[in-house]
Amino acid sequence: MLEIGGAQVWRGQTHVLHGIDLAVAEGEIVALIGANGAGKTTVLMTICGLLRPRQGAVRYRAAGSSEPVDLARLTPEAIVGQGIALCPEGRQVFASLSVRENLMIGAYLRRDRAAIAADLDHVVSRFPILGERARQPAGSLSGGEQMMLAIGRSLMSRPRLLLLDEPSLGLAPQIVEAIFDILSDINEAGTTMLLVEQNASMALELAHRAYVMETGRVTLSGRAQDLADNPEIRRAYLGAA
Amino acid sequence: MTSYLLQQIVNGLILGSMYALVAIGFSMIYGIVRLINFAHGDIAMIGAFTALAVMIVAGLPLPVVILAVLVVGAAMGLAIEFVAFRPLRGAPQVNGFITSLAVSILIQNVAILLLTAEPRGVAFPAFLSERIPGLPINIDLVDILIVVLAVALMLGLVTIVNRTRLGMAMRATAENLDVARLMGINVSRTIMAAFAIGSALAGIAGLMWSARYGQIDPIMGFLPGLKAFVAAVIGGVGSIPGAMLGGYLLGLAEVLFVGLLPPEYAGYRDAFVFGTLILVLLVLPNGLMGRAAEDRA
Ligand SMILES: Nc1ncnc2c1ncn2[C@@H]1O[C@H](COP(=O)(O)OP(=O)(O)O)[C@@H](O)[C@H]1O
Ligand SMILES: [Mg+2]
């Protein structure tokens with residue numbers, strides 16, 4: 001579905017990604033783990049077109065279409081139209097917009113009013129708190145509620161590929177559990193996911209496969225279960241002695 | 001004395017209507033691109049000359065004049081965005097300030113070349129200056145039309161901003177441009193909409209100015225434009241309701257300053273306006289309705 005090959009990405013004067021190879025297949029949850037500053041967010045920003053690789057390709061093939069598109073040639077708006085949504089680091093809901101407006105703006109490119117209304121109901125049934133707070137400004141929600149809103153907002157575009165940047169960041173463990181359960185449900189309902197996490201144990205538990213990044217390179221990849229059992233990973237990322 | 005005070009308040013509301021219409025554009029544009037368009041006041045001048053051309057030269061009726069001013073104002077705003085602001089997207093803020101100052105000077109000088117610096121009288125239809133009978137103060141029909149048109153345009157704007165898909169995109173873009181793009185919003189179009197709408201309103205303010213004061217010239221937009229900028233800052237630059245509030249407060253304050261103090265102080269009215277700005281900023285650095293300093297990446 002998604003295939004990044006040899007991506008070299010600069011941010012300003014800084015060479016951040018030194019040739020990344022990464023693939024996500026239809027239906028998978030793929031985790032991307034690594035220490036702070038490894039370049040995980042940069043990978044996601046490159047996929048959604050906010051950054052452009054100087055070299056390498058970001059190929060994406062939506063289900064049912066035979067021709068892959070090179071995302072590196074598309075604008076972020078067009079990439080949303082391809083069925084890719086990013087739930088950004090630190091949630092970044094629109095604080096001054098109401099909860100409902102935040103959800104509706106997730107469906108900005110869609111014109112199918114009836115289906116949008118149905119999806120809105122569906123998101124609210126997953127996250128009832130968003131229904132209760134529909135008219136409040138999003139800035140008044142708690143961190144966990146904002147995370148739910150950010151996920152709900154990204155679902156409103158009906159993504160085929162959902163990119164999640166550290167959904168556990170700054171949240172209490174029970175809330176993280178609840179959110180990961182919902183992510184699992186969303187995946188089972190047919191949405192492919194690329195999950196960036198520093199919380200490696202949660203991510204490896206949820207994901208089918210995983211990549212480990214260090215300073216702009218992929219250093220390890222494989223089945224999530226195998227990585228979770230790998231002694232090196234356990235020492236570096238899972239806090240095992 | 002009360003009727004004198006009432007008269008001053010009415011005059012303040014009329015002046016405030018014009019300041020508010022111009023201030024809105026400053027705030028809308030700043031809200032999205034984080035730049036002050038110093039050529040914004042000159043669009044009011046262009047609106048005034050458009051009115052002159054359409055009404056006196058072409059002899060068309062008032063509703064057509066208003067429509068023409070809206071269209072020409074919007075087109076000027078789009079042109080300024082395209083020529084001066086778009087190439088600077090992502091550049092340091094100061095580049096944008098200096099460029100828009102240059103655009104302002106350019107517009108004024110081209111206007112002087114084409115139209116001469118000589119002020120011109122604009123003869124609006126006589127019925128506009130008919131006095132409303134039976135009032136203790138002097139109000140002409142044109143005064144009422146100015147305030148009514150200003151309020152109607154502002155209500156229309158508030159409706160667009162709060163109730164439409166475009167308005168939602170504008171608010172989202174103003175809050176976080178990158179995340180707005182991730183929603184599929186074409187921010188270039190949103191920026192163009194802000195320039196077009198804000199500039200159309202400034203054009204109308206120029207039309208009102210010429211209808212009320214009867215004289216226009218190529219640099220007429222400069223000082224009122226600067227004062228409308230002050231109004232926007234007082235209201236909290238970036239906030240549309242703030243710009244409206246700031247416009248009316250400044251119009252009232254300026255007229256009352258001149259009207260209530262002994263005549264020898266009247267010459268200080270501009271100093272008073274800019275002094276008010278300094279005072280407000282000392283007490284409320286973000287203006288009356290502005291948001292706290294933002295931490296945009
Ligand atoms: N705007 C920027 N300009 C220059 N360098 C940046 C910028 N943002 C991040 N970086 C650098 O890019 C590297 C990777 O950052 P990031 O992708 O955010 O890492 P991660 O998400 O894995 O924590 C870091 O070393 C960071 O310092
Ligand atoms: Mg990150």
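Student: Which residues surround ligand 1?
Tutor: In this predicted model, the shell holds Arg11(A), Thr14(A), Val16(A), Ala35(A), Asn36(A), Gly37(A), Ala38(A), Gly39(A), Lys40(A), Thr41(A) and Thr42(A); a residue counts if one of its heavy atoms lies within 4 Å. Residues are numbered from 1 along each chain as its sequence is written, chains are lettered from A and ligands numbered from 1 in written order. Local features need pLDDT of at least 70, side-chain atom pairs count only at pLDDT 80 or more, totals for chains, interfaces and linings use all residues, and side-chain values use heavy atoms, without hydrogens and water.

Student: Which element gives the most to that shell?
Tutor: Helix 1 of chain A, with three residues. Helices (H or I, at least four residues) and strands (E, at least two) are DSSP runs, numbered from the N terminus.

Student: How far is the side chain of Asn36(A) from an oxygen atom of ligand 1?
Tutor: An N or O atom of that side chain is 3.1 Å from the oxygen. For Gly39(A), a backbone N or O atom lies 2.9 Å from an oxygen atom of ligand 1.

Student: Now the magnesium ion: which protein donors does it have?
Tutor: Thr41(A) through OG1 and Glu89(A) through OE, at 2.0 to 2.7 Å. Donors are N, O and S atoms within 2.8 Å of the metal (3.2 Å for Na, K and Ca); water is not among the atoms, so sites may look incomplete.

Student: Where do Thr41(A) and Glu89(A) lie?
Tutor: Thr41(A) is in helix 1 (residues 40-47) and Glu89(A) in the loop between strand 6 (84-87) and helix 3 (99-106), so the pair ties together parts 48 residues apart in sequence.

Conventions
Polar contact = N/O pair within 3.5 Å; in protein donor to acceptor, adjacent residues only side chain to side chain.
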